[in-house]
Amino acid sequence: MTTKQRIQQTAIRLFAQYGYEGASLSMIAREVGIRKPSIYAFFASKEALFLSVFEEIMKAHFADTQKLFASLQDKPVKERLYRLLTNGLTYASEHGEAFAFYQRAMLFSPPALQEKIRDRFLEAETWLTRVLKDCFKEGIRTGVIREANLDDLIASYLCLLDGVLIQLFYYGPEMLRRRIDGIWRIYWSGISQ
């Protein structure tokens, strides 16, 4: 692992644990085993390091979600939507520190970085919205989803997804995994024919 990668991995853990304000570049450097000025060879500032880590995590999660959706193209709409919902649990279980960093960055982002973080998040959500729109259109066309406004269907699903991610924050993946089927059953009964 390169020094830059070690800095990023350590930053993920410390930002996840202590937040942006609580994790100093000195702490990160000490854990990596370098001097603080060495960080500046790779990152112009603490903000640049934070955004770099955020972007890497977003890219990895986005690629994972795209791969999942590609593998589900021949599956029924109900299964595609359910698997997308539960993918967050799988990702959280497999990438605990990265997911903890992502949650903290989204919920408690540093004021100076809020707009940049929101912009990067909305770029990924644009793709997801397009995928969901196609999925809901297909569900309506095939009669498994009742006729409804597409924007409302997408908004309701994104709220469900966001709610599951917040539940992860409070309960963790194992407890939420036990609850997810009931949550999904009630949601699906509200939109299905």
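Mentor: R120 is partly exposed, at 26% relative accessibility. Here buried means under 20% relative accessible area, exposed over 50%, and partly exposed in between, with a 1.4 Å probe and protein chains only. The model is predicted, so local features need pLDDT of at least 70 and side-chain atom pairs count only at pLDDT 80 or more, while totals for chains, interfaces and linings use all residues. Residues are numbered from 1 along each chain as its sequence is written, and side-chain values use heavy atoms, with hydrogens and water left out.

R120 has a partner: its side chain meets that of E55 in a salt bridge, with 2.0 Å from N to O. E55 belongs to helix α4 and R120 to helix α7, so the pair ties together parts that are 65 residues apart in sequence. A salt bridge is a side-chain nitrogen of Lys or Arg within 4 Å of a carboxyl oxygen of Asp or Glu. Helices (H or I, at least four residues) are DSSP runs, as are strands (E, at least two), numbered from the N terminus. E55 is also partly exposed, with a relative accessible area of 27%.

By this rule there are five salt bridges. Another of them joins E56 and K59, whose closest N and O atoms are 3.4 Å apart. These two residues are three places apart in helix α4, and about one helical turn therefore separates them. E56 counts as partly exposed at 42%.

A further salt bridge links E31 with R13, at 2.6 Å between the closest N and O atoms. Because E31 lies in helix α2 and R13 in helix α1, this pair ties together parts that are 18 residues apart in sequence. Both count as partly exposed: E31 at 47% relative accessibility, and R13 at 27%.

K46, which is found in helix α4, presents a contrasting case. K46 is buried yet has no salt bridge, and the nearest side chain of opposite charge, E21, is 7.0 Å away. For this comparison Lys and Arg count as positive and Asp and Glu as negative, while His and the chain ends are not counted. Leaving aside residues up to four places away in sequence, K46 touches F15, Y20, E21, A23, S24 and L25, where contact means heavy atoms within 4.5 Å. F15 and Y20 are among the buried residues of α1, and the buried residues of that helix pack against α4, among others.
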